[in-house]
Amino acid sequence: MAGRINDDDVKAVRDAVPIDAVVSEYLQLRNAGGGNLKGLCPFHDEKSPSFHVSPAKGLYHCFGCQEGGDTVDFVMKIDHLSFAETIERLAAQAGITLRYEEGGYTPGRQQGERTRLVEAHKAAAQYYTEQLESPEAVIARTFLADRGFDQDAAAHFSIGYSPAGWDHLTRYLRGRGFSDQELVLSGLSQEGRRGPIDRFRGRLMWPIRDISGEVVGFGARKLRDDDNGPKYLNTPETPLYRKSQVLYGIDLAKKEIAKTNRAVVVEGYTDVMACHLAGVTTAIATCGTAFGEGHIKILRRLLMDNSGSEVVFTFDGDAAGQKAALRAFEDDQKFAAETSIAITPGGMDPCDLRLAKGDQAVADLVASRTPLFEFALRHVVSRHNLDTPVGRAAALDEAAPIVARIKNSAIQHESAVQLAGILGILDTQFVVRRVSQLARWARERGRDGGPGQGRPQRRETPSAAEPQRPAPGAGGPALNLRSPAHRVERELLKLALQRPDLVSPAFDAYGADEFSAPPYAVVRQCIEEAGGATTGSADGDYLARVRAAAPDDTVRAMVTELAVEPLHTRRDPDEVYAGVQLVAVRLAAVNQRVMEIRGTLQRLDPRADPEQLTAVQNELWVLQQYGQSLRERGAAAL
């Protein structure tokens, strides 16, 4: 039975790894005010950033899809890890040695599957790198040198060599404690007649890393004529490696992509190397597959999907390159970023271009880019004879729908004017009207629910969203927790979680029945069970205790949401602001009770017990006086 990780070690890992550092490995974060950060959610598609991170609290929450939690929750969800695997990974990053209970720690038996596969790839990458220096690997070193890559370049990209024998790596990894089953599952080995053999033999090896920097696969280039395999051989689909969701070089390029708001997409491993060595350090490449949906999602999170960002595709100028460019254009509208294309001269790829003309030529190639939609238009138009009215009309019929797909109306208008110039049509407004008509028809089909025409709904940011939630444990209509009736209760709970020093000790005297929204009443109860807001002022575990007190995942998610959501004040919150919220919630509860007592008085039989009648009237008078005092004196009356 696998040993359980020591609780103190789990806490040490949670405290040691900042959540913003972990999340920043996967998406770009920007200042959201109030000490929080925001970015595009990695768990659902959205146009506006609604994914908020609170470094001070160690929590994240998406106001679009309602995902939330702490650092461990984030890593578990985004990398599909178990709790133990996540703690092991974060512990390794923080340099913390974990202790295992119930029988001690046995490597290989107690680590999770994904962790074991990652460790196997890490060991394989180190092995291949060492083999590049072996006498047998002279052919690999020559290949690199012939393409302008020296020893330092090979080391920078961790290039390696797989020996030509049948099972060199397999035997090496067995000696490191990995089982045959693990080696086959990882894709490093494959079944042979007498057991597992190496998948990669006698090839130049590129380690393929995910966005967090872990090796998840390899790309292998054929070096010998007697190798009957394909020119490039990649790791097969495994629990770690999915070619539609990895980009070669993303671990090296991600920070520069986020900084410059530009990504350069090239076609091969050596092209990525050439670009980076030439100073184009935002270059990345797909791994043996077309640039697709999964790759787009990775880049959108790094680029923040704003209109000032750019994706530059580089393709050879031959027919295959033009076909690839047009395929990329089909996904153009999935980016908010501008998309451009840089066609390499003479059919050379960036690696050949650097070798023939130097680093500056590679930089100039990217600088010479043209908008991808313009390239696509000219390609479509080139198939028609523009010297005749019939040819121009046919070209317009084919090209206008392309322009009509552009969602930004200003860009669409400018592109329509540009199309008129390309076609040589003097009546520019005729082309503009034609494009507008096509765009309008497409929108109308979308509203009517026509096949394939439905438009994705825009995700709202926290300030505009009106989430509808059912009350916990209750049926009936959904409860609008951001309605004016509940907004102040929400703000007070946010203060109690984010700034307990401003609302305590007064908040701890509030009962759950003072919160009219049932979900908020449950959160108030969680705070009480965690020791109250008074304990949160100087206690780093306060939020963790509140989340632990939640009766289910729904309430726990709401606690996280309230702890991360910005307060509705443009200034730093102070005691005056907190007092306003405390008074508003208490006054609403008093007014509600006054209404209930008045209803009771109306229902009382005139012949009722005089003592009962007097008691109800006295309670009404006391509450009315208290309400008046709250209105006049504010927080001083609490």
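Helix α17, which covers residues 389-404, has 16 residues and reaches 22 Å from its first C-alpha to its last, close to the 22 Å expected at 1.5 Å a residue. The expected span here is 1.5 Å times one less than the number of residues in the helix. Helices (H or I, at least four residues) and strands (E, at least two) are DSSP runs, numbered from the N terminus. The model is a predicted one, in which local features need pLDDT of at least 70 and side-chain atom pairs count only at pLDDT 80 or more, while totals for chains, interfaces and linings use all residues. Residues are numbered from 1 along each chain as its sequence is written, and side-chain values use heavy atoms, with hydrogens and water left out.

A closer look at α17 shows a bend of about 30° at Glu 398, with a proline, Pro 401, following within four residues. The bend at a residue is the angle between two fitted axes, one for the seven residues ending there and one for the seven starting there. Several residues of α17 are buried, among them Gly 391, Leu 396, Ile 402 and Val 403. Buried means under 20% relative accessible area, exposed over 50%, and partly exposed in between (1.4 Å probe, protein chains only). Across the protein, buried residues make up 49% of the 638 residues.

The loop between α16 (372-381) and α17 holds Ser 382. Ser 382 is exposed, with a relative accessible area of 54%. Its C-alpha is 10.0 Å from that of Ile 422, a residue 40 positions away in sequence.

Next comes a pair of helices. Two packed helices are described by the angle between their axes and the distance between the axes. For α14 (residues 350-357) and α15 (residues 359-367), the axes come within 6 Å and cross at roughly 135°. That angle makes α14 oblique to α15. Axes are lines fitted to C-alpha atoms, for helices over the stretch in contact, and angles run from 0 to 180 degrees between N-to-C directions. Angles under 35 degrees count as roughly parallel, over 145 as roughly antiparallel, 65 to 115 as roughly perpendicular, and the rest as oblique. Pro 350, Leu 353, Arg 354 and Lys 357 of α14 meet Asp 359, Ala 361, Val 362 and Leu 365 of α15, where contact means heavy atoms within 4.5 Å. By class, this contact has 5 nonpolar, no polar and 3 charged residues. Ala, Val, Leu, Ile, Met, Phe, Trp, Tyr, Cys and Pro count as nonpolar, Asp, Glu, Lys and Arg as charged, and the others, Gly among them, as polar.

Some loops deserve a look at their backbone. Most residues other than glycine have a negative phi, and most peptide bonds are trans. Gln 66, in the loop between β4 (59-62) and β5 (68-70), has a positive phi near 70°. At 25% relative accessibility, Gln 66 is partly exposed. Ser 158 also has a positive phi, of about 55°, and lies in the loop between α7 (151-156) and β6 (160-162). A cis peptide bond, with omega about 5°, joins Ser 504 and Pro 505; Pro 505 sits in the loop between α21 (500-503) and α22.

Overall, the protein has 26 helices and 18 strands. Among contacts between residues at least 6 apart in sequence, 65% join residues at least 24 apart.
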